[in-house]
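The following questions and answers examine contacts within one protein chain. Please consult the sequence and the structure shown here while reading.

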Amino acid sequence: MGRLVTCALVVLLVVPTVAGADEALWSLLRAGGHVLVMRHAATDPGTGDPPGFTLDDCATQRNLSARGREDARRVGEVFRARGVPVSVVLSSRWCRCLDTARLAFGVVEPWAALDSMFEDKSKSDEQARAFRERAGTRPANGNVVLVSHGVNIAAWTGVSTAQGDVVVLTPSGRATFRVAGTLTAVDLR
């Protein structure tokens with residue numbers, strides 16, 4: 001019985017802390033000055049892309065599912081409702097990333113540094129340098145959103161993400177940053 005009471009007290013002490021951390025993260029985002037790294041929203045089942053896919057033809061790629069399109073729209077709605085300013089949105093050139101960015105935030109600029117490294121790691125060092133430079137630079141106003149792929153985000157931030165998750169980075173300058181927190185796809189619904 002004593003262990004059960006102890007476990008219950010630990011749970012009660014932890015739950016408010018988690019809720020407070022979530023609100024603290026939203027407050028940071030409302031203040032601006034952060035880099036948000038978002039994994040594309042939900043796709044049709046599978047990993048990677050079909051053989052022979054091309055960046056210029058979305059029909060040859062693994063794309064957002066209906067749920068993914070709805071989730072991406074909802075992310076934008078949640079950010080707007082919570083007063084999170086977004087000044088720049090950059091995306092991998094893969095259609096699932098571009099579509100996620102457009103549906104959530106409207107205007108997006110493709111950036112090759114965010115392209116998937118899943119099958120082609122030949123430019124991974126160059127991509128990592130470009131990412132670190134961008135993620136380490138505090139935005140002059142609002143927040144910067146970078147939409148990319150799970151393999152990239154894990155390699156660059158050390159955080160494993162599900163589709164639609166957002167890793168919040170606080171730039172420290174000189175191509176360095178710290179992870180301030182993560183918003184899961186569930187937090188963004």
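Buried means under 20% relative accessible area, exposed over 50%, and partly exposed in between. The model discussed here is predicted.

Q: Are phenylalanine 131 and tryptophan 156 buried or exposed?
A: The term buried applies under 20% relative accessible area. Phenylalanine 131 and tryptophan 156 both fall into that class: buried.

Q: How many aromatic pairs does the structure hold, and what is the geometry of phenylalanine 53 and tryptophan 94?
A: The structure holds five aromatic pairs. In the pair of phenylalanine 53 and tryptophan 94, the ring centres are 5.7 Å apart and the planes make an angle of 45°. Planes under 30 degrees apart count as stacked and those over 60 as edge-to-face, so the remaining class applies. The pair of phenylalanine 53 and tryptophan 94 is therefore classed, by the angle between its planes, as tilted.

Q: How many residues apart in sequence are the parts that phenylalanine 53 and tryptophan 94 tie together?
A: Phenylalanine 53 is partly exposed at 25% relative accessible area, whereas tryptophan 94 is buried at 9%. Phenylalanine 53 belongs to the loop between strand E1 (35-39) and helix H2 (66-81). Tryptophan 94 belongs to the loop between strand E2 (86-91) and helix H3 (95-105), so the parts tied together are separated in sequence by 41 residues.

Q: Which class describes the ring pair of phenylalanine 131 and tryptophan 156?
A: The ring centres of phenylalanine 131 and tryptophan 156 are 4.4 Å apart, with their planes at 20°. Phenylalanine 131 lies in helix H4 (residues 124-135) and tryptophan 156 in helix H5 (residues 150-157), so the contact ties together parts 25 residues apart in sequence. Because the planes are at 20°, the pair of phenylalanine 131 and tryptophan 156 is stacked.

Q: Which cysteines form a disulfide, and what is its handedness?
A: The count comes to one disulfide. Cysteine 58 and cysteine 95 form it, with their sulfur atoms 1.9 Å apart. The torsion about their S-S bond is about -80°, so the disulfide of cysteine 58 and cysteine 95 is left-handed.

Q: How many residues apart in sequence are the parts tied together by cysteine 58 and cysteine 95?
A: Cysteine 58 is partly exposed at 35% relative accessibility, whereas cysteine 95 is buried at 3%. Cysteine 58 lies in the loop between E1 and H2 and cysteine 95 in helix H3, so the parts they tie together are apart in sequence by 37 residues.

Q: How far is the nearest cysteine sulfur from cysteine 97?
A: Cysteine 97 is buried, with a relative accessible area of 0%. A disulfide requires sulfur atoms within 2.5 Å. Cysteine 97 is in no disulfide, and the nearest cysteine sulfur, that of cysteine 95, is away by 9.4 Å.

Q: How many residues apart are arginine 93 and aspartate 115?
A: The side chains of arginine 93 and aspartate 115 meet in a salt bridge at 2.5 Å, N to O. Arginine 93 is partly exposed at 36%, while aspartate 115 is buried at 6%. Arginine 93 lies in the loop between E2 and H3 and aspartate 115 in the loop between strand E3 (109-110) and H4, and the two residues are apart by 22 residues.

Q: Which residue in the turn between E5 and E6 has a positive phi?
A: Strands E5 (residues 166-173) and E6 (residues 176-183) run antiparallel and are joined by seven bridges. Leucine 169 stands opposite valine 179 in E6. The two strands form a hairpin with two residues between them, and the turn residue with a positive phi, about 50°, is arginine 174.

Conventions:
Residues numbered from 1 in each chain as written. Predicted model: local features only at pLDDT ≥ 70, side-chain atom pairs only at ≥ 80, totals over all residues. Heavy atoms only, no water. Pairing = 2+ DSSP bridges. Helix = DSSP H or I, 4+ residues; strand = E, 2+ residues; numbered from the N terminus. Phe/Tyr/Trp six-rings, centres within 6.5 Å; stacked < 30°, edge-to-face > 60°. Buried < 20%, exposed > 50% of the residue type's maximum accessible area, 1.4 Å probe, protein only. Salt bridge = Lys/Arg side-chain N within 4 Å of Asp/Glu carboxyl O.
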